[in-house]
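Here's a quick tour for anyone opening this one up for the first time. Have a look at the sequence and the fold, then read on.

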Amino acid sequence: MLAMRVTHARASDPAHFSRVAAEFAKTLRAGDVVALSGPLGAGKTTFVAAAVHALLGGDLVTSPTFTFWHRYEGAPMVNHLDLYRVEGPHDLATLGLEDAFTDDAIVFVEWPERAPDLLPASTLRVTIQGAGDSPRELEIARP
Ligand SMILES: Nc1ncnc2c1ncn2[C@@H]1O[C@H](COP(=O)(O)OP(=O)(O)O)[C@@H](O)[C@H]1O
Ligand SMILES: [Mg+2]
């Protein structure tokens, strides 16, 4: 079994947090899938916004909580899924979310726990701890 590579970062404020996300984003390639875990308000959407900004430029992300899937055209294309409101396999089939996972896109997934079977084994895992105005602890695990 290959060793998983795990890195940690601590972000004292949103600007610092976004810099960590931007640096991470520059290591991504088309076909990469990034799962973001952590409680409501931890910073998952903030992380994706900073990552998309670093990858494609512009201010692109609004919270997709009510749309499940936001697609950002570019090179590479970025798909941002938020599975918070997914309630089961039926939802996943109806929404066609598996179509988001293509070789020519980077995919970010908030609330991956809602659909564990949707994600490839190669998924990179970002876990965020912290809430409110306190610092955030980030763990990034690469299989
Ligand atoms: N150190 C910090 N790092 C990241 N976000 C922070 C920090 N301190 C406060 N925040 C705030 O926490 C909120 C995180 O919200 P959001 O990214 O929508 O969370 P989630 O998508 O995990 O529910 C943002 O309003 C952000 O400005
Ligand atoms: Mg969110």
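An open sheet of 7 strands runs in the order β1-β7-β6-β2-β5-β4-β3, with mixed pairing; strands (E, at least two residues) and helices (H or I, at least four) are DSSP runs numbered from the N terminus, and two strands pair if DSSP finds at least two bridges between them. At the edges sit β1 (5-11) and β3 (69-72), each pairing on one side only.

This is a predicted model: local features need pLDDT of at least 70, side-chain atom pairs count only at pLDDT 80 or more, and totals for chains, interfaces and linings use all residues. Residues are numbered from 1 along each chain as its sequence is written, while chains are lettered from A and ligands numbered from 1 in the order in which they are written.

Two helices lie across the sheet, as tabulated here (axes are lines fitted to C-alpha atoms, for helices over the stretch in contact, meaning C-beta atoms placed from the backbone within 7 Å; angles run from 0 to 180 degrees between N-to-C directions).

| Helix | Lies across | Angle |
|---|---|---|
| α1 | β1 and β7 | about 155 degrees to β1 |
| α2 | β2, β3, β4, β5 and β6 | about 165 degrees to β5 |

Now for ligand 1. Of the 18 residues around it (C-beta, placed from the backbone, within 6 Å), Phe17, Gly43, Lys44, Thr45 and Thr46 come nearest. α1 (14-25) and α2 (44-56) each supply at least two residues of that shell, and α2 gives the most, with 3 residues.

Lys44 also turns up elsewhere: Leu36 is in contact with Lys44, Phe47 and Val109, among others.

Definitions and conventions
Lists of a residue's contacts leave out its neighbours within four places in sequence.
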